[in-house]
Amino acid sequence: MNILSDHYFGARLADGVTKHGFRKWYERQLLSSHAHMLLALLSFFAMLAGLEGFTDTTGAGGERLVDLLLALACGAVALWAMRRYLYLLMRAEALAHQANCHECGEYGRFHVLSEDRPQRLTQVCCRRCDHRWTIADN
Ligand SMILES: [Zn+2]
């Protein structure tokens, strides 16, 4: 499994809904996004610890360099994790706003009919009343 693919994060709506249903897919997206937020916070504090070690002038030059490299690495991880957190959260919310059936008002109970990957459009059908609509993932 490629860790950078959409499959790893369960990000593709059609696959996630087909496999787990929309509500479970949405829940997993929220859990994943909040795990990234936690990683961002921990990395931020590790970055601060690295910077503190770097600014401590009593330490040896080699140790200070390691502290600086640690701070830079943790800062990069914190930025990536925060970006991923915001992306997953905003995307999940945007898709959740489109999960209501316009005919019967049922929330999140639909199955996937087709998917247009280049356009990132998913044609879905309500399980309750068979109304069809398109969910845009952009
Ligand atoms: Zn319906």
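User: What makes the buried residues of H2 a single face of the helix?

Analyst: Those residues are Leu 13, Ala 14, Gly 16 and Val 17. Seen down the axis of H2, they fall within an arc of 170°, so they line one face. They pack against H3, H4, S1, strand S2 (121-126) and strand S3 (132-136).

User: What makes Phe 22 a buried residue, and which residues is Phe 22 in contact with beyond its neighbours in sequence?

Analyst: The cut-off for buried is 20 or more other C-beta atoms within 10 Å, and Phe 22 is among the buried residues of H3. Leaving aside neighbours within four places in sequence, Phe 22 is in contact with Val 17, Ala 99, Gly 108 and Phe 110.

User: Which residues touch the most other members of the largest nonpolar core?

Analyst: Of its 21 residues, they are Leu 13, Val 17, Phe 22, Ala 78 and Leu 95. H2, H3 and helix H4 (61-96) each supply at least two residues of this core, with the largest share, eight residues, coming from H4.

User: Why should residues 1-8 be read with care?

Analyst: Their pLDDT stays under 50. Where pLDDT is low, the predicted coordinates should not be read in detail. For the chain, the mean pLDDT is 90, and 92% of residues reach 70 or more.

Methods: Residues are numbered from 1 along each chain as its sequence is written. This is a predicted model: local features need pLDDT of at least 70, side-chain atom pairs count only at pLDDT 80 or more; totals for chains, interfaces and linings use all residues. A nonpolar core is a set of buried Ala, Val, Leu, Ile, Met, Phe, Trp, Tyr and Cys residues joined through C-beta atoms within 7 Å. A residue is buried if 20 or more other C-beta atoms lie within 10 Å of its own, exposed if 12 or fewer, and partly exposed in between; C-beta atoms are placed from the backbone. Helices (H or I, at least four residues) and strands (E, at least two) are DSSP runs, numbered from the N terminus. Two residues are in contact if their C-beta atoms, placed from the backbone, lie within 7 Å. pLDDT is the predictor's confidence in each residue, from 0 to 100. The arc is that of the directions from the helix axis to the C-beta atoms.
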